[in-house]
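Me: I have a model open and want to go through it piece by piece. Can you take my questions as they come?

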Amino acid sequence: MTEQFIKNEQLNFIEKQIAIIKDSSNKNLPKTVLTAVIDLANAKILDLFPQASLEQQELLNITKWNTKEEYERYVEQLTAYLLPFPKITEQQLKKLFPKQKKLKLPDLSTIDHNKLTFLSWNDLKSNKKFIIYDLEETLVGTEGKMTPTSKKNICSFCNCFGEVAYFSTITKEKRPKNADYYKAIGNLICTDSNECNKNITNSEYLRDFLKTAEGRFN
């Protein structure tokens, strides 16, 4: 059995490709057109895993399936190969936010680590959101203010339309000639991070945002 190699956002991407195939199948398209749709989806999926072994490529291959039931079994089979979000303890969470003496923590026992690209929770009392991400094999924590918006919009992390808030944080960037220097960055992101984790198909923007927040630029 091959090792776990699929990230949450990659499985989300695969599921969206399956949804496109199912939708195309329901439209009674010519067989050649439907075959082209399937081949394109298969190519996009394989592109996510440039280092995939032959065994993994065969596991990911969707061109051998035809029915709704087969596609559902395919996705279910892939869940066994999900890379879980790193386990983290309450003590580790507190260390990531040392300035928060009364940090409100999430209930870690209720979290499905297999379905996380990032760990996040809201503190309604302080109107803050906390984000944990595995950045270059190191867990980093970013906190920021959440400013509600009156209209739905596109989330910068998952690129989906929904309930969002403006998340702003102060970066850890320092200027040697200015001890008081600080830089604020912000984006519209999903108010509900669980929904964001369900929808995100590419973590590049999230990673770049958190690298900036951490003061990393390479």
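**Strands, cores and rings**

Me: Where does F161 sit?
Reply: F161 is in strand β5, residues 161–162. Strands here are DSSP E runs of at least two residues and helices are H or I runs of at least four, numbered from the N terminus.

Me: What kind of model is this, and how are residues numbered?
Reply: This is a predicted model, where local features need pLDDT of at least 70, side-chain atom pairs count only at pLDDT 80 or more, and totals for chains, interfaces and linings use all residues. Residues are numbered from 1 along each chain as its sequence is written, and side-chain values use heavy atoms, with hydrogens and water left out.

Me: Back to F161: buried or exposed?
Reply: F161 is exposed, because its relative accessible area is 59%. The cut-offs are under 20% for buried and over 50% for exposed, with partly exposed in between (1.4 Å probe, protein chains only).

Me: What does F161 touch?
Reply: Leaving out residues up to four places away in sequence, F161 touches K152, N153 and I154. Contact means heavy atoms within 4.5 Å.

Me: What is V164 in contact with?
Reply: Beyond its neighbours within four places in sequence, V164 contacts T149, K151, N153, I154, C155, L188, I189, C190 and T191.

Me: Which residues touch the most other members of the largest nonpolar core?
Reply: C155 and F157, out of 22 residues in that core. At least two residues of this core come from each of β2, β3, β6, β7 and α7. Helix α7 gives the most, 4 residues. A nonpolar core is a set of buried Ala, Val, Leu, Ile, Met, Phe, Trp, Tyr and Cys residues joined through side-chain atoms within 4.5 Å.

Me: Which residues are in a second core?
Reply: The second core is separate and has 21 residues, including F5, I45, I62 and Y71.

Me: What does C155 contact?
Reply: Apart from neighbours within four places in sequence, C155 is in contact with C160, V164, L188, I189, C190 and C196.

Me: Which residues of α7 are buried?
Reply: In α7, residues 204–214, the buried ones are L206, F209, L210, K211, A213 and E214. Their cover includes β2 (128–135), β3 (138–148), β6 (164–170) and β7 (184–190). Just after α7, G215 has a positive phi of about 80°.

Me: New topic. How many aromatic pairs are there?
Reply: There are 8. F97 and W121 form an edge-to-face pair, because their ring centres are 6.2 Å apart and their planes are at 90°. Rings of Phe, Tyr and Trp (its six-membered ring) pair if their centres lie within 6.5 Å; planes under 30 degrees apart are stacked, over 60 edge-to-face and the rest tilted.

Me: Where are F97 and W121?
Reply: F97 is in the loop between α5 (90–96) and β1 (119–123) and W121 is in strand β1, so the pair ties together parts 24 residues apart in sequence. F97 counts as buried at 2% relative accessibility, and W121 counts as buried at 7%.

Me: What about F167 and F209?
Reply: F167 and F209 form a tilted pair, 6.2 Å centre to centre with 55° between the planes. F167 lies in strand β6 and F209 in helix α7, so this pair ties together parts 42 residues apart in sequence. Both F167 and F209 are buried. Ring pairs also link F118, F157, F167 and F209 into a cluster.

Me: What is N197 doing with its side chain?
Reply: A polar atom of the N197 side chain lies 2.6 Å from the backbone nitrogen of T117, and a polar atom of that side chain lies 3.0 Å from the backbone oxygen of F118. N197 is in helix α6, residues 193–199, and counts as buried at 3% relative accessibility.

Me: Last one: which residues of α2 are buried?
Reply: V37, I38, A41, N42 and I45. They are on the same side of α2, because they cover an arc of only 130° around the axis, the arc being that of the directions from the helix axis to the C-beta atoms. They pack against α1 (8–26), α3 (54–60) and α4 (68–78).

Methods: Polar contact = N/O pair within 3.5 Å; in protein donor to acceptor, adjacent residues only side chain to side chain.
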